[in-house]
Amino acid sequence: MAALAGSAADEVWHKCGTFRDHLEGVWRVLWGWGCPEAVCRLGLFHSAYGNSFVAMRLFDPARDRARLRALIGSEAEDLVFLCHEMGIETGVDLARAECV
């Protein structure tokens, strides 16, 4: 979560708080459901590269994949990239399949 501190996620309003509040909330829900660590990290960074609903990018998928992979691990970064490429709905489906 330290990677989000001071990022644009602290400055953008999203639903009932900052975008960072939203991302941390998604992580907490997934953790509470007993999801695997990679899926929880997906929740925390699901929009890191932007997606069909969020234009803001915390990381550039063309330049920062290795940097994000170093922060959250290869499996989680692959899921984040998949959400970016395939749509956030795909990430939601993946999380459900892993956490049920």
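**A loop and its contacts**

Modeller: Apart from its neighbours within four places in sequence, D60 makes contact (heavy atoms within 4.5 Å) with Y49 and R65. This is a predicted model, in which local features need pLDDT of at least 70 and side-chain atom pairs count only at pLDDT 80 or more, while totals for chains, interfaces and linings use all residues. Residues are numbered from 1 along each chain as its sequence is written, and side-chain values use heavy atoms, with hydrogens and water left out.

D60 sits in the loop that joins α2 (37–45) to α3 (65–72); helices are DSSP runs of H or I with at least four residues, strands are runs of E with at least two, and both are numbered from the N terminus. A polar atom of the D60 side chain is 2.8 Å from the backbone nitrogen of A62.

The loop between α2 and α3 also holds D64. D64 counts as buried because its relative accessibility is 12%, buried being under 20% relative accessible area with a 1.4 Å probe and protein chains only. Leaving out residues up to four places away in sequence, D64 touches Y49 and F59. Between D64 and Y49 there are 9.0 Å from C-alpha to C-alpha, at a distance of 15 residues in sequence.

As for the context, the chain has 5 helices and 2 strands, in the order β-β-α-α-α-α-α along the sequence. Of its 100 residues, 44% are buried. Among contacts with a separation of 6 or more, 46% join residues 24 or more positions apart.

Key: Buried means under 20% relative accessible area, exposed over 50%, partly exposed in between (1.4 Å probe, protein chains only). A polar contact is a pair of N or O atoms within 3.5 Å; within protein, one must be able to donate a hydrogen and the other to accept it, and residues adjacent in sequence count only if both atoms are side-chain atoms.
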